[in-house]
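Here's a quick tour of a fold, going from the whole chain down to a couple of single residues. Have the viewer open while you read.

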Amino acid sequence: MQAAQKVPLTIISGFLGSGKTSLLNHLLTQTGPSNGGRRITALVNDFGALNIDAELIAEKHGNQIALANGCVCCSIGDDLMRTFIEVMQQDPLPDHIIIEASGVAEPTRIAGFAAVDPQMRLDGIVTLVDAAAHHIHSKDPHLADNYAKQIAAAHLLLISKTDLADEKQRAALSDELRASYPGVPLAEITHGKMPINVVLGLNTDSEIPHPQGDIEHDFVQWAGHLSDMPRAELIAKLETLRPHVLRAKGVLRDSEGAYVLHLAGGRISTEAYARDASGHFVIIGKPQMPDAAALAKLFTRSAAA
Ligand SMILES: [Zn+2]
């Protein structure tokens with residue numbers, strides 16, 4: 001079978017909170033019937049026990065498959081291979097498969113799993129680099145190795161959150177990436193907005209071997225259902241967990257209405273949510289963060305509250 005006839009796979013990588021879901025959302029809005037009708041199957045992997053990223057994919061454009069409760073590069077790698085096999089049995093086959101990796105995944109390991117089907121080929125690995133948090137993550141001894149692997153694997157680097165970084169940070173990051181990865185295309189991206197033809201069609205010819213051995217990511221996570229906790233109270237609780245919390249996200253509701261909460265790169269933000277909120281909340285942190293039982297207690301309101 002010619003390479004051109006194989007189903008291309010694009011891996012969207014990037015550390016926790018770097019903007020992968022926003023990018024995938026934006027790509028999927030460019031696939032409708034008015035946009036050439038490209039048939040995309042999107043696999044969305046959330047490290048947390050609840051797949052909030054899948055919930056945040058705005059509308060159904062083509063096929064979406066959620067892979068939660070573990071990372072597809074390691075703990076649920078078997079689920080990923082099984083899903084690849086199922087997707088490749090679809091008739092007609094998708095025009096393109098996109099996988100949104102978990103924020104801790106090693107993208108080359110995911111690409112290795114894709115080799116399970118000879119009709120699939122790696123189109124490219126796209127890694128998002130958070131302009132406002134890069135200087136923190138790249139120097140954190142607990143994160144630096146995993147973080148650097150995601151960037152080194154990229155066939156396209158996208159500098160995200162440029163609106164949150166100052167001009168000096170942006171320029172320094174851009175210079176650093178160009179010097180370290182000469183020849184890898186680099187672009188800046190804000191709010192996930194990038195033309196689909198920039199991201200898909202990288203046509204890399206990398207042959208990536210099936211991953212050897214097991215790896216484990218050393219992070220603590222807790223996922224649960226928060227009902228009606230006022231957002232100010234939730235934010236105050238999150239503040240008590242700094243600096244160990246790396247990522248928190250939720251699709252929540254309080255007396256003011258439905259909202260989405262993000263903690264990423266040390267910043268907490270909320271925005272109104274136009275649809276029904278599930279109340280799902282996920283928090284991921286370094287091993288020093290209180291354990292799941294302590295987090296469950298923290299985020300469960302006492303009857304007197
Ligand atoms: Zn993994």
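What radius of gyration would a compact globule with 305 residues have, and what does the protein chain have? The rule puts such a globule near 19 Å, and the protein chain comes in at 19 Å, so the two agree.

## The model as a whole

Keep in mind that this is a predicted model. The mean pLDDT over the protein chain is 89, and 95% of the residues score at least 70.

In terms of secondary structure, the protein chain holds 10 helices and 12 strands. Along the principal axes, its C-alpha atoms fill a box of roughly 65 × 45 × 40 Å. Buried residues account for 41% of the 305 residues. As for contacts between residues at least 6 apart in sequence, 77% of them join residues at least 24 apart.

## The seven-stranded sheet

Let's start with the parallel sheet. This open sheet has seven strands in the order β3-β2-β4-β1-β5-β6-β7, with parallel pairing. The edges belong to β3 (63–67) and β7 (186–188); each has a single partner strand, so one side of each is left without a neighbour in the sheet. From one strand to the next, the twist averages 20 degrees.

For a look at one pairing, take β2 (residues 40–45) and β4 (residues 96–100), which run parallel and are joined by five bridges. In that pair, I40 sits opposite H96 of β4.

## Helices on the parallel sheet

Helix α4 lies across β1, β4 and β5, at about 165 degrees to β5. Helix α6 lies across β1, β5 and β6, and its angle to β5 is about 125 degrees.

Which residues of α6 (residues 144–152) are buried? They are Y147, Q150 and I151. These cover an arc of only 95 degrees around the axis, so they end up on the same side of α6.

## The five-stranded sheet

Now for the antiparallel one. Five strands form an open sheet in the order β8-β12-β9-β10-β11, with antiparallel pairing. Its edge strands are β8 (220–225) and β11, each pairing on one side only. On average, neighbouring strands in this sheet are turned by 10 degrees against each other, direction ignored.

Two hairpins follow each other here. Strands β9 (residues 245–254) and β10 (residues 257–264) run antiparallel with eight bridges between them, and their hairpin leaves two residues between the strands. V251 has V260 of β10 as its bridge partner. Next, β10 pairs antiparallel with β11 (residues 267–272) through six bridges, with Y259 opposite A272 of β11. That hairpin also has two residues between its strands, and G265 in the turn has a positive phi of about 55 degrees.

Helix α9 (residues 231–239) lies across β9, β10 and β11, at about 15 degrees to β10.

## Two residues up close

I235 lies in helix α9. With 16 other C-beta atoms within 10 Å, I235 counts as partly exposed. I235 and L80 are 155 residues apart in sequence, and their C-alpha atoms are 34 Å apart in space.

Where does A115 sit? A115 is in the loop between α4 (107–114) and β5 (120–130). How does its neighbourhood count come out? With 17 C-beta neighbours inside 10 Å, A115 is classed as partly exposed; the buried class would need 20 or more. Leaving out residues up to four places away in sequence, A115 touches I208 and H210. A68 is 47 residues from A115 in sequence and 22 Å away in space, C-alpha to C-alpha.

How values were computed. Residues are numbered from 1 along each chain as its sequence is written. This is a predicted model: local features need pLDDT of at least 70, side-chain atom pairs count only at pLDDT 80 or more; totals for chains, interfaces and linings use all residues. Helices (H or I, at least four residues) and strands (E, at least two) are DSSP runs, numbered from the N terminus. A residue is buried if 20 or more other C-beta atoms lie within 10 Å of its own, exposed if 12 or fewer, and partly exposed in between; C-beta atoms are placed from the backbone. Two residues are in contact if their C-beta atoms, placed from the backbone, lie within 7 Å. The radius of gyration is taken over C-alpha atoms; the globule rule is 2.2 Å times the number of residues to the power 0.38. Two strands pair if DSSP finds at least two bridges between them. The arc is that of the directions from the helix axis to the C-beta atoms. Axes are lines fitted to C-alpha atoms, for helices over the stretch in contact, and angles run from 0 to 180 degrees between N-to-C directions. pLDDT is the predictor's confidence in each residue, from 0 to 100.
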